[in-house]
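Below is a short report on one protein model.

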Amino acid sequence: MADGSWDNGGHGAPVKAGMPLWGKIALGCGIVFLVGLVTCFGAGAFLVNKFNKDPDGFAKKVVGMGMEKFRPDWEEFRTVVEQLRSPEGCQALYAANPALAKTWPTQAAFLEASSRWHKEVTSAPELTPDLMTKHGLRISYEGSRRVSIGWSPQSGRAVYVTFEGVRKPGDGAPRQVVELDVR
């Protein structure tokens with residue numbers, strides 16, 4: 001007579017057909033790895049081909065893309081440099097950036113220190129490919145927390161400014177200056 005239970009006691013259990021789960025995962029990871037590898041090699045070959053066809057044009061294009069990325073930060077840096085060139089500008093700079101109090105505890109201390117460099121700080125030029133590659137420009141991004149810009153002109157004092165946060169597209173408000181060094 002037939003048993004009324006669905007449990008057959010493990011006898012006659014059908015063997016699962018196909019690949020086990022770990023095999024499917026390994027196969028999937030292998031396929032993703034191969035697609036990524038082929039994509040990287042393809043992109044590399046494309047860029048090498050572009051570079052070999054026109055090295056100067058490729059370099060200009062890369063520098064141009066960098067200039068467009070750095071231009072808003074550079075313009076803000078130029079504004080700070082112009083403020084450093086006059087007592088009134090330094091007064092406004094200190095008043096608008098409370099983090100400068102870490103280095104100069106009072107506005108009077110900042111104005112006294114800045115009086116030594118007013119005449120030696122030169123105006124920052126327009127951003128050009130030549131400036132980016134040969135004339136002492138340094139820009140570094142610390143994630144999304146800070147942007148540090150330094151410029152060492154041929155003559156005059158070097159200026160290093162660290163801004164709070166990165167500039168977001170369409171944001172026209174000035175960022176806080178958290179560090180300032182004039183050498």
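## Fold and overall form

The protein has five helices and four strands. Here helices (H or I, at least four residues) and strands (E, at least two) are DSSP runs, numbered from the N terminus. Their order along the sequence is α-α-α-α-α-β-β-β-β. The radius of gyration is 30 Å, well over the 16 Å that the globule rule gives for 183 residues, so the protein is more spread out than a compact globule. That radius is taken over C-alpha atoms, and the rule is 2.2 Å times the number of residues to the power 0.38. The C-alpha trace spans about 105 × 50 × 25 Å along its principal axes.

This is a predicted model: local features need pLDDT of at least 70, side-chain atom pairs count only at pLDDT 80 or more, and totals for chains, interfaces and linings use all residues. Residues are numbered from 1 along each chain as its sequence is written, and side-chain values use heavy atoms, with hydrogens and water left out.

## Surface and contacts

Of the 183 residues, 26% are buried (under 20% relative accessible area; exposed is over 50%, partly exposed in between; 1.4 Å probe, protein chains only). The accessible surface comes to about 12400 Å², by the Shrake-Rupley method with a 1.4 Å probe. Carbon and sulfur atoms account for 63% of that surface.

Contact means heavy atoms within 4.5 Å. Among contacts between residues at least 6 apart in sequence, 50% join residues at least 24 apart.

## The largest pocket

The largest pocket holds about 170 Å³ of space. A pocket is an open set of points on a 1 Å grid over the protein atoms alone, where a 1.4 Å probe fits, with protein on both sides within 12 Å along at least five of seven lines. Its volume is the space filled by probe spheres set on the points, which are joined across faces, edges and corners.

The lining has 13 residues, each with an atom within 4 Å of a point. Closest to the centre are Gln83, Ala96, Asn97, Pro174 and Arg175. Helix 2 (55-84) and helix 3 (87-96) each supply at least two lining residues. Helix 2 gives the most, with four. By type, the lining has seven nonpolar, four polar and two charged residues. Nonpolar covers Ala, Val, Leu, Ile, Met, Phe, Trp, Tyr, Cys and Pro; charged covers Asp, Glu, Lys and Arg; the others, Gly among them, are polar.

## Ser140

Ser140 sits in strand 1 (residues 137-142). Its relative accessibility is 29%, so Ser140 counts as partly exposed. Beyond its neighbours within four places in sequence, Ser140 contacts Arg146, Val147 and Ser148. Phe70 lies 70 residues away along the chain, with 10.0 Å between the C-alpha atoms of Ser140 and Phe70.
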